[in-house]
Amino acid sequence: MSALTLTLFSAIICCSLTEKPSTVSSPNIIILLMDDMGWGDLGVFGQPSKETPNLDAMAAEGMLLPNFYTANPLCSPSRAALLTGRLPVRNGFYTTNGHARNAYTPQEIVGGISKDEILLPQMLKKKGYVSKIVGKWHLGHRPHHLPLENGFDEWFGAPNCHFGPYNSSIRPNIPVYNNSEMLGRYYEDFKIDRKTGESNLTQIYLLEGLEFIQRQTEARRPFFLYWAADATHAPVYASKRFLGKSQRGRYGDAVMELDYSIGQILSWLKTLGIDDNTFVFFTSDNGAALISAPKEGGSNGPFLCGKETTFEGGMREPAIAWWPGHIKKGTVSFQLSNVMDLFTTSLALAGISPPDDRTLDGLDLTPVLLKQSTTLQNRPIFYYRGNELMAVRVGQYKAHYWTWSNSWEEFKKGINFCPGQEVPDVTTHDQKEHTLQPIIFHLGRDPGEKYPISVLTKEYQNVLSGISPVVEQHKKTLVPGIPQLNMCDVAVMNWAPAGCEKLGKCLKVPKSEPLKCDWPH
């Protein structure tokens with residue numbers, strides 16, 4: 001986004017809005033969801049290079065949540081959890097093809113978000129919200145799974161990760177959509193230079209977000225913007241202006257551009273005079289992908305391991321809440337919170353009752369955010385991998401009932417989710433069950449999960465007696481959803497998305513060959 005473009009935007013608004021928009025009862029909602037960005041990637045969380053001035057300023061103007069978690073250590077399930085307010089094991093975004101296996105939505109996946117689920121934009125329509133997703137969807141790419149079939153009014157982005165480039169006769173490049181039709185494909189029409197890392201996608205996403213905010217402000221309609229940029233997911237990319245600027249290499253370049261873009265969005269809200277009527281929340285879908293580090297992966301700060309694991313580095317996320325005039329500046333809340341809370345909290349802000357025909361896992365955080373409640377809500381954090389409950393956090397304590405990083409077979413291929421962080425009997429390459437004697441850590445004293453509390457101590461016994469009933473109750477009442485991520489088929493790939501005919505980009509669909517998906521991790 002050039003300074004000239006922003007100047008033109010400002011001129012348009014000055015001419016079209018002769019007075020400050022009146023505050024409506026339902027605030028605008030913006031969720032900024034990063035991709036594979038780690039807790040330790042922000043200056044405010046201690047990143048030494050201090051290259052996130054806009055996010056650090058956002059924290060200074062709002063609230064920092066150091067104990068914020070995702071619902072799964074992988075992209076698709078965490079996004080499904082955010083938009084449904086439910087654990088992936090409830091909303092169906094898991095697999096039963098193997099024990100404790102992470103699964104997501106590559107383009108050969110048959111499934112996607114279930115029609116039985118209710119998504120946040122569907123609920124927000126009750127109060128007249130207009131909703132747009134910009135960036136990565138990742139909840140299924142078949143027509144009935146796409147955003148406009150699941151409550152969103154607008155979409156600019158892609159249904160899958162920007163992997164590639166691919167050979168069109170074996171695996172098609174991923175399409176980029178404008179609403180219900182494709183505009184082109186990654187690497188063909190939307191360039192990502194794998195050698196240099198250059199791509200202007202983040203700038204395109206920024207422009208889409210700013211333009212949407214402008215239109216809804218002019219129309220005086222409440223809006224929900226889900227801005228899901230993916231530049232920090234390998235292969236990482238940045239526009240020419242940012243390449244080579246970071247001390248951290250290409251990954252840092254991508255972080256700097258995202259930080260700049262978020263700064264532009266917040267500045268735009270102030271320019272339009274709607275900052276005091278817009279709730280903004282920043283976070284990430286899962287921990288940094290240490291398997292791609294250091295060139296294309298981030299930092300999880302003091303936490304153990306990263307993406308794909310249920311150690312802290314895989315599921316503890318950076319999180320900032322911002323709403324001038326409503327959220328007190330420079331505050332920090334240690335409330336245990338989760339990406340699923342954004343569903344329930346957004347409904348509360350909009351004045352909408354949550355659905356009462358299903359179990360919701362998200363809490364309403366408005367007492368913490370708006371009233372600075374110092375009384376923390378007593379809630380557990382559940383760490384799932386597939387349909388297996390791997391660990392539980394209650395208060396400062398975390399109990400591991402299963403440990404596993406990845407298999408010896410994968411590890412010997414060079415796939416390492418915990419590089420330089422091996423902890424004996426904890427970061428195991430065999431699936432180890434500890435149900436009868438969980439491994440317990442005090443995360444305040446030991447955020448890196450390196451020093452298990454001795455089972456012989458009174459502290460261990462007291463903690464176990466408190467956590468065990470929580471686990472028993474959870475398992476007793478859990479009704480798993482139908483798994484959506486079990487089946488794959490080459491015929492369902494993005495061969496001929498809607499709109500391909502107009503562009504001459506339809507590809508021949510191969511013979512259907514359904515099979516169980518292979519999930520190695």
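Q: Why is arginine 215 called partly exposed?
A: Buried means under 20% relative accessible area, exposed means over 50%, and partly exposed is in between (1.4 Å probe, protein chains only). Arginine 215 has a relative accessible area of 25%, so it is called partly exposed. The model is a predicted one, in which local features need pLDDT of at least 70 and side-chain atom pairs count only at pLDDT 80 or more, while totals for chains, interfaces and linings use all residues. Residues are numbered from 1 along each chain as its sequence is written, and side-chain values use heavy atoms, with hydrogens and water left out.

Q: Is glutamate 154 buried or exposed?
A: Its relative accessible area is 14%, so glutamate 154 is buried.

Q: Which residues are linked with arginine 215 and glutamate 154 in a network of salt bridges?
A: The network links Lys132, Glu208 and Glu211 with Glu154 and Arg215. The structure holds 24 salt bridges.

Q: How do you know that arginine 79 and aspartate 285 form a salt bridge?
A: Their side chains meet at 3.0 Å, N to O, and the limit is 4 Å, so the pair counts. Arginine 79 lies in helix 3 (residues 75-84) and aspartate 285 in the loop between strand 9 (278-284) and helix 8 (312-315), so this pair ties together parts 206 residues apart in sequence. Both arginine 79 and aspartate 285 are buried.

Q: What does glutamate 410 touch?
A: Contact means heavy atoms within 4.5 Å. Not counting residues up to four places away in sequence, glutamate 410 touches Ile415, Pro520 and His521.

Q: What makes the approach of histidine 141 to glutamine 107 a polar contact?
A: A polar contact is a pair of N or O atoms within 3.5 Å; within protein, one must be able to donate a hydrogen and the other to accept it, and residues adjacent in sequence count only if both atoms are side-chain atoms. The side chain of histidine 141 reaches the backbone oxygen of glutamine 107 at 2.8 Å, so the distance is inside the limit. A polar atom of the histidine 141 side chain also lies 2.7 Å from the backbone oxygen of valine 492. Histidine 141 sits in the loop between strand 4 (130-136) and strand 5. With a relative accessible area of 4%, histidine 141 is buried.

Q: Why is one group of residues called a nonpolar core?
A: A nonpolar core is a set of buried Ala, Val, Leu, Ile, Met, Phe, Trp, Tyr and Cys residues joined through side-chain atoms within 4.5 Å. The largest has 74 residues, and Leu83, Leu124 and Trp137 are among those with the most contacts inside it. This core draws at least three residues from each of domain 1 (28-377) and domain 2 (388-477), with bounds that come from an automatic or database domain assignment. Apart from this core lies another, of 54 residues, including Ala59 and Leu269.

Q: What makes strand 7 and strand 12 edge strands?
A: Two strands pair if DSSP finds at least two bridges between them. The open sheet has 10 strands in the order 7-6-5-4-8-1-9-11-2-12, with mixed pairing. Strand 7 (181-185) and strand 12 (331-332) each have a single partner strand, so one side of each is left without a neighbour in the sheet.

Q: How do you know that strand 6 and strand 7 pair?
A: Strand 6 (residues 175-178) and strand 7 share four bridges, against the required two, so they pair; the sense is antiparallel. In one of these bridges, proline 175 has arginine 185 of strand 7 as its partner.
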